[in-house]
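Dear colleague,

I am handing over the structure we spoke about, and below it I have set out what was found. Please read the notes with the model open beside them.

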Amino acid sequence: MSAFIFDVDGTLSETEEMHRAAFNAAFAEANLPWHWDTDRYRELLKVSGGKERLRTFVEEGEIVSDMPFDALIPALHQAKTRHYVEAVAGGQTALRPGVLDLVMEARRRGIRLAIATTTSRENVDGLLATAFGDADLFEVIACGDMVAEKKPAPDIYDLALERLGLPAEACLAFEDSSNGLRAAKAAGLRCVVTPARYTLDEDFTGADLVLPDLRHAGPVWKLFGAGDGKQPPGLPLSP
Ligand code: XBP
Ligand code: MG
């Protein structure tokens, strides 16, 4: 195998609380009486994509607004992205345990690195620059609206494979959510899942490996076919 393809939100970093805060900041800025608490956001996260999530919320709630939805949703999402990028630039996030070591070891072994995410390019660039100190670490960044169908559709992984010029069997995907796992499997990839705070209770049937985080990377190298995998396959999920 020749490449690792990483999801971003929840996989590289626990970013969803920052996304939730950014949505709420955008609502307040627009003087909308909306506030997403953690329970509501966990439900809404089942919809991939911030704009799609907003549309679901508005349509489900039959919420009336004096601005037509087709204008309201992009405007709110742009404001939300501005708040999110500011939060990331302010250093409000860090890489999940084990991510930096695994990425650096992959680089050392000449394994190519790519991103396949639902979030927008400006969010990805901000996180990579802040968390890794290098926005160019990943040679392929497939993200957001580059594809029509978001996760759990395979499109974003298909795009990453196309840009890598590699077949699915040459790559290993890293995800945190059921939507992401389904997208990776539908694209024919093996997939390691490290559930995040918002996805701990989701269904990861079909995952090739489920780990609490990437600190114990032995099973990852074994799955990738490049290591001795001394660790037992798939550590029990931390409580
Ligand atoms: C998770 C998502 C994104 C973020 C919000 O992406 O579904 O929609 O929640 O970001 P990932 P946007 O595939 O990295 O897990 O508002 O930019 O969509
Ligand atoms: Mg994710």
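A residue is called buried here when its relative accessible area is under 20%, and exposed when that area is over 50%. By that cut-off aspartate 213 is buried, since its relative accessible area is 7%, whereas arginine 215, at 56%, is exposed; the side chains of these two residues form a salt bridge with an N to O distance of 2.6 Å. Please keep in mind throughout that this is a predicted model.

The search of the whole structure gave 18 salt bridges. In one of them aspartate 145 pairs with lysine 51, their closest N and O atoms lying 2.8 Å apart. Because aspartate 145 sits in the loop between β3 (140–143) and α7 (155–164) while lysine 51 belongs to helix α3 (residues 50–61), the pair ties together parts that are 94 residues apart in sequence. Aspartate 145 is exposed, at 53%, and lysine 51 is partly exposed, at 24%; both belong to a network of salt bridges that also takes in Glu52 and Lys150.

Key
Residues numbered from 1 in each chain as written. Chains lettered and ligands numbered in written order. Predicted model: local features only at pLDDT ≥ 70, side-chain atom pairs only at ≥ 80, totals over all residues. Heavy atoms only, no water. Salt bridge = Lys/Arg side-chain N within 4 Å of Asp/Glu carboxyl O. Helix = DSSP H or I, 4+ residues; strand = E, 2+ residues; numbered from the N terminus. Buried < 20%, exposed > 50% of the residue type's maximum accessible area, 1.4 Å probe, protein only.
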